[in-house]
Amino acid sequence: MISQKEYWDGRFKKGKLWGDQPCPSAYRTVSYLEKNCSNSILVPGCGYGRNSAYFAKNGYDVTGVDISHEAIKHAISDVKADVTNLNYQLKDLFSLSSIGTEFDAVFLSNVIHLFLEKDRAKLVQVMDSLIKPNGLFIFTVISRSDSKNFGVGEEVEQNTFLHNEKVLHFYTTEEIRGILPSNYKILEQELHTQTEKDPLGNEEELILWFVVTKNNKHFSL
Ligand SMILES: C[S@@+](CC[C@H](N)C(=O)[O-])C[C@H]1O[C@@H](n2cnc3c(N)ncnc32)[C@H](O)[C@@H]1O
């Protein structure tokens, strides 16, 4: 299996794979950020920055992180000189606990399902370590109801397939609660369809869970 870095560098070499528009989930996220008085947002696995740039335009302080040099290169080249609330870092998200900052919200779009079970659990732990008490953890993952994509490729773990060199885990309704630490309250868990069009005009449709959760951990003195 090739590494995430190699895989995504290879894909982003071809450009901005899904255009400049933010994901439907990013639009839906902004109302939660407003309601929760969020200011600082972490976007791990930000790709070339289509969602990070949108949050920054809406006035939030945004940090985008990705392991792909090609993705970060595209993202940085789009940041205008006078923009001070958007920064990008080339980093492995599994090493983020050491950055020593907590955020009001984490927005993780289409990343968790790219890993095998052990790493998915580790990833959620890392995200938890980066979210302030009362902060938001908002994510999208592929649903088990995505019947077009489910079952394509070799099944390497339960509901997990090696699909064109990439791992894809398909989440059931019940599974979402199980991946979250007990102090996270689910505010919304809903299916939506995301249609992506690559620069050659090929369309890909994904059925995703949009999950909004709040960290109800109390401040410790
Ligand atoms: C499906 S893409 C989603 C990109 C972006 N969130 C979006 O919706 O446009 C997954 C992204 O996760 C990044 N990624 C995968 N593994 C990573 C890791 N260990 N650390 C940081 N980024 C990673 C990839 O480079 C890629 O940009």
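## Basis of the description

Helices are DSSP runs of H or I with at least four residues and strands are E runs of at least two, both numbered from the N terminus. The model is predicted, so local features need a pLDDT of at least 70 and side-chain atom pairs count only at pLDDT 80 or more, while totals for chains, interfaces and linings use all residues. Residue numbers start from 1 along each chain as its sequence is written.

## Overall fold

The chain contains six helices and ten strands. Its radius of gyration, taken over C-alpha atoms, is 17 Å, close to the 17 Å that the globule rule (2.2 Å times the number of residues to the power 0.38) gives for 221 residues, so the chain is as compact as a globular protein of that length. Along its principal axes the C-alpha trace spans about 50 × 40 × 30 Å.

Of the 221 residues, 37% are buried, a residue being buried if 20 or more other C-beta atoms, placed from the backbone, lie within 10 Å of its own, exposed if 12 or fewer do, and partly exposed in between.

## Helices α3 and α4

Helix α3, residues 50-57, is mostly covered, with seven of its eight residues buried; these are Arg50, Asn51, Ser52, Ala53, Tyr54, Phe55 and Ala56. Their cover includes helices α2 (24-35) and α4 (69-77), together with strands β1 (40-44), β2 (61-66), β3 (86-90) and β4 (103-109). After α3 comes glycine 59, whose phi is positive, near 95°.

Isoleucine 76 lies in helix α4 and counts as partly exposed, because it has 15 C-beta neighbours inside 10 Å. Its C-alpha atom is separated by 27 Å from that of glutamate 165, 89 residues apart along the chain.

## Surroundings of the ligand

Around the ligand there are 20 residues, of which Gln4, Trp8, Gly45, Gly47 and Ile67 come nearest, a residue being near if its C-beta atom, placed from the backbone, lies within 6 Å of the molecule. The elements that give two or more residues to this shell are α1 (4-12), α3 and β2.

## Annotated region

An unreviewed UniProt entry lists residues 44-139 as "domain: Methyltransferase type", and such annotations may be inferred rather than shown by experiment. Over residues 44-139 the chain is 31% helix and 29% strand, and the end C-alpha atoms are 10 Å apart.

Note on methods. Contact = placed C-beta atoms within 7 Å.
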